[in-house]
Amino acid sequence: MRASRLLFSLTVFLGAFLLFLVEPMAAKQLLPWLGGSAAVWITCLVFFQTALLAAYLYAHGLARSESTLPQICLLALSLAAALYWALTTGAPPVGASHPVTAVFVALTLWIGLPFLILGATGPLMQAWWARAEASPIPWKLYALSNLASLLALACYPALIEPALTLRAQRWLWAAGFVLFAALSGVLAWRMRTVAPPRQTIYDTEDNAPAAPLGHKLLWLLLPMGASMQLCAVTSHLTENIAPIPLLWVLPLGVYLITLILAFEFPRLAQRALVSRFLLVLLAGLAYMLTQSNESLPMRMAIAFYLAELFFACYFLHAAAYALRPQRKSQATLYYLVFAAGGALGSMLIGIAAPLIFRFNFDIAITFLVTALLALAATWRDGWNNRLIWVACSIMMGVLVGWLHIASQRDTVVAVRNFYGSLRVKQDLYNFPGATLRTLSNGNIQHGTQIFGTDEERKTPTTYYGPDSGIGIALRNCCAQQPRRIGVIGLGTGTLAAYGRPGDVIRFYEINPAVEPIARNVFTYIRESPAHVDIVEGDARLELVSEPPQRFDVIVIDAFTGDAIPLHLLTTEAMALYRKHLAPGGVLAFHISNQHVELEGPIALLAQSSGMKARRVNSLPDDKLDLFGSSWLLVTDNNAFLTLPDVAVHSHPATLVSGLRVWTDDYSSLLPVLHW
């Protein structure tokens, strides 16, 4: 008996560990081909929640069947698929013209079957355990699976990604899947002889009452609210609080911890106490959302939002656990509806919200939904709780309306799509006699322009001033000869201000919403004396298909946000840049970032390519709306590097010991994060 329980537990633990290990691996393989956007991860979450729903549907059907043959057959097919994925290259099987479709198709073809079988393991093993031992449903196995998930989530960025190439990671995961398939196959073979008669399953299993319809509805809605919390808090943190790479690990870890506590330690905290903490955090963070001119320190803000996520998800998951069915035959139905709620919540935030709303106030809508669900869950707890949560729901509804009105203030243009929320604000006060327009995505500014005198309007601002790295590179690269300039990242088109008659400036921009804003709301492009082209699509993919462009300067300006597109910083990318670079040309990497220090990896790339890298730091100037900036100029042109203007303003880039050259098969941000 003990050996059988150990086999069940080991299978559940290994299945959950592999399930959450494959998620960041598959996303990492997919991210470069969709521009490295943070929205790719949110869309991956939608896929994982949806695939989990399909897995629970499969487990629900199989648990009610006498035959285990479908499980054995699916294990064999999944094992073949896992081994095939281990052999695949990095390129996805579809293009990025429709990013959401691309994510779903690629992940389905790569890991669809293995994910299905792994996702079904938890509820299926619980049903088989209860059937084999004629015992109550072992809900603790669900907590065990979430513990394994949390362990996998912690191990990947800390241990696996820094040490192994992506190909080695896939092979290691495939080896683990072979072991899982063997364990699961043994259990499926044993269960073929212990399946009870059909009548026992449906008619005479026990005398426990069936779950009422109201409980089943809350099985759906409560996990939906928790999933909305996960996606909305992750999006809000990475866009508006701290654009830090890998920050998504923290909300997902908190989410898993709440599942563990709710299913393993349901009495750890009384619901009244948890609901009071949740109420205070909702009110406090709702107030902070209304203070557009004030903000908490970054670490404190992250801590508060993670605390709110913890109490919200713990409250919702614990409420869902309290309503769990007593009948064994309804256990897999419970998980099925639970997963449907998770999938619905992620779809509402990850897919529906960008299509419906121009502005991103998903976090406020999620607070409103959480308050309404708390009202429903505590309805039977007395009038005091009802009045409290009715008042909180009204307050959250007012918050949503207020944010909708406030978001339109001083806003010239607002557009939202898969790649984020773009907003152009107009400031009439900071520059007397002039208007300042700013393009931002979340809290990341992508350019400004001063609409005053002709000179002010045509002067580069923000990171692109005359003394910045790119200003120095463009001033010294080609004397008075016409220049060909390639720019990865359009923004407001600020660099077009450096154009001279005869110059060609070619921008590459993955977000289709940016070009209309740069052309119509800002004037850098249309007033530039240079010939300006704009190519829509991921720069690296477009450069692969183009003939050599013979650029005098290539500007790589895509690293200021939270989702660092590492595919632009690999040896393969460097070879592509050199293909399109004229002899003696310059690569200008914009590395201004509060959370990542890219000097070491780029200096190593330059060295491995036989080039030299020099760093240029420029100071801010509020009068000209110039930010402090950091650039790396990479070239094999010694004459350029010895020019007085270049030599005075720059210094050799520093190599960092212990770093490995990044390739398409290996990269890790962990060693270069600012802790």
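This is a predicted model: local features need pLDDT of at least 70, side-chain atom pairs count only at pLDDT 80 or more; totals for chains, interfaces and linings use all residues.
Me: How many disulfides does a search of the whole structure find?
Reply: A disulfide here is a pair of cysteine sulfur atoms within 2.5 Å. For cysteine 44, the nearest cysteine sulfur belongs to cysteine 231 and is 11 Å away, and cysteine 44 is in no disulfide. Over the whole structure, the number of disulfides found is zero.

Me: Why is cysteine 313 too far for a bond with the closest cysteine sulfur?
Reply: The closest cysteine sulfur is in cysteine 231. It's too far for a bond because the cut-off is 2.5 Å, whereas the distance from the sulfur of cysteine 313 is 10.0 Å.

Me: Is serine 346 buried or exposed?
Reply: Serine 346 sits in helix α12, residues 331–356; helices are DSSP runs of H or I with at least four residues, strands are runs of E with at least two, and both are numbered from the N terminus. Contact means heavy atoms within 4.5 Å, and beyond its neighbours within four places in sequence, serine 346 touches Leu45, Val46, Gln49, Ser227, Cys231 and Ile351. With a 1.4 Å probe and protein chains only, buried is under 20% relative accessible area, exposed is over 50%, and partly exposed is in between. Serine 346 has 0% relative accessibility, so it counts as buried.

Me: How do α10 and α13 run relative to each other?
Reply: Axes are lines fitted to C-alpha atoms, for helices over the stretch in contact, and angles run from 0 to 180 degrees between N-to-C directions. The axes of α10 (271–290) and α13 (362–377) come within 11 Å and cross at roughly 155°. Under 35 degrees counts as roughly parallel, over 145 as roughly antiparallel, 65 to 115 as roughly perpendicular, and the rest as oblique. That makes α10 and α13 roughly antiparallel.

Me: And what is the handedness of the crossing of α5 and α9?
Reply: Helix α5 (140–163) packs on helix α9 (249–264) at about 160°, with axes 8 Å apart. The contact includes Leu150 and Leu153 of α5 and Leu256 and Phe263 of α9. A crossing is left-handed if the near helix is turned anticlockwise from the far one by less than a right angle, and right-handed if clockwise. For α5 and α9, the crossing is left-handed.

Me: Which strands stand at the edges of the eight-strand sheet?
Reply: Two strands pair if DSSP finds at least two bridges between them. The open, mixed sheet has the order β7-β6-β5-β8-β9-β11-β10-β12. Each edge strand has a single partner, so one side of each is left without a neighbour in the sheet. Those edge strands are β7 and β12.

Me: Which helix packs on that sheet?
Reply: Look for the one touching β5, β8, β9, β10 and β11, with its direction at about 40° to that of β11. That's helix α16, residues 469–476.

Me: In the sheet β1-β2-β3-β4, which residue stands opposite glutamine 426?
Reply: This open sheet is antiparallel, and six bridges join β2 (420–427) to β3 (435–441). The residue opposite glutamine 426 lies in β3 and is arginine 437.

How values were computed: Residues are numbered from 1 along each chain as its sequence is written. Side-chain values use heavy atoms; hydrogens and water are left out.
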